[in-house]
Every structure is written in C-alpha cells, then in structure tokens.
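This report describes one model, beginning with the ligand site and moving on to the chain and selected residues. Please keep the sequence and the 3D view at hand while reading.

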Amino acid sequence: MPAGKPAGHPCIQLDANGRCRLFGHPERPRVCRDFTPTVALCGDNRRQALERLTALERATAPP
Ligand code: SF4
C-alpha cells in the first residue's frame, strides 16, 4: 500500500485465510518484519487481536 494502510482497513496483502502474501519475501515492509507479536497486544486469538488493535487505533486517531 504505497500511501500506507489506513486505520480500520485490512492490508491488501492479506489472502482469503488472513495470511500475509509477502511473508518471507523481501518486499514485505520493514515495519511488518520488525513487529514482534506479544500476548499482551494480540491476545490469544484473532478476535482479541482485532479488539485490541481497534482500541489502539481509536485511542491514537487524529482529532
Ligand atoms: S504483515 Fe504487513 S504486508 Fe503482510 S499482511 Fe500484515 S500488514 Fe500487510
């Protein structure tokens, strides 16, 4: 996504199973490669991860 990924929108690189098409490829953005998931941020499942990410996006959205 050349202009960046807007909050609340899924990345265009996600496939139908929610997996990154660029994983393991050099084209994968550095911010993604440098991200280390944690239980504190991602929870134990997809639903928890999306809830926490949505809360973070809302808390850091521009006014
Ligand atoms: S890891 Fe990065 S490039 Fe891959 S789907 Fe997630 S946000 Fe998109």
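## Ligand shell

By class, which residues does the shell around the ligand have? The shell has five nonpolar residues, one polar residue and one charged residue. In this classification Ala, Val, Leu, Ile, Met, Phe, Trp, Tyr, Cys and Pro count as nonpolar, Asp, Glu, Lys and Arg as charged, and the others, Gly among them, as polar. The residues that surround the ligand are Cys11, Gln13, Leu14, Cys20, Arg28, Pro29 and Cys32; a residue is taken as near the ligand if one of its heavy atoms lies within 4 Å of it.

## Basis of the model

The model is predicted: local features need pLDDT of at least 70, side-chain atom pairs count only at pLDDT 80 or more, and totals for chains, interfaces and linings use all residues. Residues are numbered from 1 along each chain as its sequence is written, and side-chain values use heavy atoms, with hydrogens and water left out.

## The largest pocket

The ligand takes up the space of the largest pocket. A molecule is said to sit in a pocket or cavity if more than half of its atoms lie within 2 Å of its grid points. Rolling a probe the size of a water molecule over the atoms shows where empty space is left. The search uses a 1 Å grid over the protein atoms alone: a cavity is a set of points where a 1.4 Å probe fits but cannot get out, whereas a pocket is an open set with protein on both sides within 12 Å along at least five of seven lines, and lining residues have an atom within 4 Å of a point.

The volume of the largest pocket is about 1500 Å³, where grid points are joined across faces, edges and corners and a volume is the space filled by probe spheres set on the points. Its lining comprises 32 residues, of which Lys5, Cys11, Leu14, Cys32 and Leu53 are the closest to its centre. Helix 1 (30-34), helix 2 (39-42) and helix 3 (46-60) are the elements that each give two or more residues to this lining. Helix 3 gives the most, with six residues. By class, the lining has 19 nonpolar, seven polar and six charged residues.

## Chain architecture

The protein chain has three helices and zero strands, in the order α-α-α along the sequence. Helices (H or I, at least four residues) and strands (E, at least two) are DSSP runs, numbered from the N terminus. Taken along the principal axes, the C-alpha atoms fill a box of roughly 30 × 30 × 25 Å. Of the 63 residues in the chain, 6% are buried; buried means under 20% relative accessible area, exposed over 50%, and partly exposed in between (1.4 Å probe, protein chains only).

## The segment before helix 1

Met1 lies in the segment before helix 1 and is partly exposed, with a relative accessible area of 35%. Leaving aside neighbours within four places in sequence, Met1 is in contact (heavy atoms within 4.5 Å) with Pro6, Pro10, Cys11 and Ile12. Met1 and Ile12 are 11 residues apart in sequence, and their C-alpha atoms are 7.1 Å apart.

Gln13, part of the ligand shell, is also found in the segment before helix 1. Its relative accessible area is 22%, so Gln13 is partly exposed. With neighbours up to four places away left out, Gln13 is in contact with Arg19, Cys20, Arg21 and Leu22.

## Helix 3 and the segment after it

Gln48 is found in helix 3 and counts as buried because its relative accessibility is 18%. Beyond four places in sequence, Gln48 touches Cys42 and Gly43. Ala49, in helix 3, is partly exposed at 24% relative accessible area. The C-alpha atoms of Ala49 and Phe23, 26 residues apart along the chain, are separated by 19 Å.

Ala61 lies in the segment after helix 3 and is partly exposed, with a relative accessible area of 43%. Ala61 and Ala7 are 54 residues apart along the chain, while their C-alpha atoms are separated by 8.3 Å.
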